[in-house]
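Q: Got a model open here and want to walk through it. Can we start with one residue and then zoom out?

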Amino acid sequence: LGRRCLANEQRLIRGALDRVFGEQFLQIGAWGGHSTFLRYARTQRRALLDWRLDSGADLISDTEELGVASDSIDAVLLPHTLERTESPHALLREVDRILRPDGHLLVLSFAPSGLWGLRHLFAGGGFPTGRERMIREGRLRDWLELLSFAIIIALMVFKPGAGAA
């Protein structure tokens, strides 16, 4: 089930990144292997940034103070990063700071009321592992609107056995 979920997420990100060009692509938070999503970036350069030393990332940085220049990134991918960081709102503020004015933000997240969210709620150790919190779509929309992000595509639902809708 996890491999199917990751394959669907890769397909969604590949499609979204087909329309994103520029110089710099930054994935914040390791999810899958190093190149699980990076290989789909159509930018001149791409890098993986993480806060954990053992993540295999290209860059290590605190998510509340990213070691990245302001207005320097064309696209940022947060693959379940908001769920795993201690301060998701602070990370979004930093993403807003480093993105160029015409930049793109892509967010992968499990819906708290979806199958993965329910699995997390009822699993003894919290599964999938590493989830600090599940973030409702409405709350994420509010945070993004406060930062003046325009939301283009909001909801992608994964249904086991049915693919993405």
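Q: Which helix is E9 found in?
A: This is a predicted model. E9 is in helix 1, which covers residues 2–17.

Q: Is E9 buried or exposed?
A: Buried. Its relative accessibility is 7%, and buried means under 20%, so E9 counts as buried.

Q: Which side chain does E9 make a polar contact with?
A: The side chain of W31, at 3.0 Å.

Q: What else is E9 in contact with, leaving aside neighbours within four places in sequence?
A: Besides W31, E9 contacts F37, H80, L108 and F110.

Q: Zooming out. What's the secondary structure of the protein chain?
A: Five helices and seven strands. Along the sequence the pattern reads α-β-β-β-β-α-α-β-α-α-β-β.

Q: How much of the chain is buried?
A: 42% of its 165 residues.

Q: And the accessible surface?
A: About 9,000 Å² for the protein chain, with 51% belonging to carbon and sulfur atoms.

Q: Now the largest nonpolar core. Which residues touch the most other members?
A: L26, I28, V76, L78 and L92, out of 21 residues in that core. Elements giving two or more residues to this core include strand 1 (21–28), strand 4 (73–79) and helix 5 (137–146). Helix 3 gives the most, with four residues.

Q: What does V76 touch, not counting residues up to four places away in sequence?
A: L26, I28, V95, I98, L99, H104, L105 and L106.

Q: Which residues are in the other core?
A: That core lies apart from the largest one and has 19 residues, among them F25, A41, A57 and A75.

Note on methods. Residues are numbered from 1 along each chain as its sequence is written. This is a predicted model: local features need pLDDT of at least 70, side-chain atom pairs count only at pLDDT 80 or more; totals for chains, interfaces and linings use all residues. Side-chain values use heavy atoms; hydrogens and water are left out. Buried means under 20% relative accessible area, exposed over 50%, partly exposed in between (1.4 Å probe, protein chains only). A polar contact is a pair of N or O atoms within 3.5 Å; within protein, one must be able to donate a hydrogen and the other to accept it, and residues adjacent in sequence count only if both atoms are side-chain atoms. Contact means heavy atoms within 4.5 Å. Accessible areas come from the Shrake-Rupley method with a 1.4 Å probe; for residues, only the protein chains shown count as cover. A nonpolar core is a set of buried Ala, Val, Leu, Ile, Met, Phe, Trp, Tyr and Cys residues joined through side-chain atoms within 4.5 Å.
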